[in-house]
Amino acid sequence: MDETASCGRCGGTVAPDGHCWDCGAAQVAFRARLEIETDSGAAGVSDRGLRREINADAMGLVTRGAWTIGVICDGVSMAPRAERAARVAAEVGVTALAGLLESGVLPEVALAEAAGRAGRAVAGLADTGSANTGERDGVAPACTWVAGVVGPEGLWSGSVGDSRAYWLPDEGPGMALTEDDTGDLEALTAWLGADSDQPVPHVRSYRPGCAGRLLLCTDGLWRHLPDAAGLRTVLGEADPLDGARALVSYALEAGGQDNITALVVPVPAATG
């Protein structure tokens, strides 16, 4: 079922959490599997996995002029309406990045600004409590955020939380480009949402010396394939869409305990 489908029971409107606004029925296949692709060849796949009722991952992908821009967000499972937070953050983030880069803003600055805009948008989803005190009632959706930009002079990444970016070259060893915001027992120490501080993304630039691929992914993938060598082995020489499908399939075959999202952006040799 796609995101614009009507309720299978009454024909009503399906809400962002996969339930009908009119009759409340859960839509079994809502956003269970999503695939996106751009004319530039970048592609992404998101799968609900085998243990989750709702796919709380979201992704955005656009090509604007010389820039290819991807964003992936993972709704924090302990927060309410996590799937809504992820979708809002992905949409706002990729739109902001495209506009900023087209206007000539440096990628490092654009990534920081886009994370801030996405964070404010997610914070705006929180329910407020008393109109007099302005205190929240504890309903604060939250998500992680990772973005990647490929342009004529190299590639850039920015992240908040534990969704990751990897550089996977055609030759030589790859590497993780992001750092997880986690503490004891891998608990998140940074995220987007009303109960978080102003997001300060880890931003990194890299000028590759050869062709390769930029991978963005949620922890539903990297917990099964945490190192760049393993990711590149599964990705193989497939085109971005088939490569993203192969990565998601690997995670499903490994148990699929979480939502799984992988977004692959080709990086031509000319970028170096």
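Student: How many residues does helix H5 have, and how far does it reach?
Tutor: Helix H5 (residues 240-253) has 14 residues and reaches 20 Å from its first C-alpha to its last. That is close to the 20 Å expected at 1.5 Å a residue, where the expected span is 1.5 Å times one less than the number of residues. Helices (H or I, at least four residues) and strands (E, at least two) are DSSP runs, numbered from the N terminus. This is a predicted model: local features need pLDDT of at least 70, side-chain atom pairs count only at pLDDT 80 or more, and totals for chains, interfaces and linings use all residues. Residues are numbered from 1 along each chain as its sequence is written, and side-chain values use heavy atoms, with hydrogens and water left out.
Student: Which residues of H5 are buried?
Tutor: Among them are Leu241, Leu247 and Leu252. Buried means under 20% relative accessible area, exposed over 50%, partly exposed in between (1.4 Å probe, protein chains only).
Student: Which side chain does Asp242 meet in a salt bridge?
Tutor: Asp242 meets Arg245, at 3.0 Å from N to O; a salt bridge is a side-chain nitrogen of Lys or Arg within 4 Å of a carboxyl oxygen of Asp or Glu. Both residues lie in helix H5, three residues apart, about one turn of the helix.
Student: And which residues are linked with them in a network?
Tutor: Arg33, Glu35 and Asp47 are linked with Asp242 and Arg245 in a network of salt bridges.
Student: New topic: is Thr178 buried or exposed?
Tutor: Buried, because its relative accessibility is 11%. Thr178 is in the loop between strand S9 (175-176) and strand S10 (192-193).
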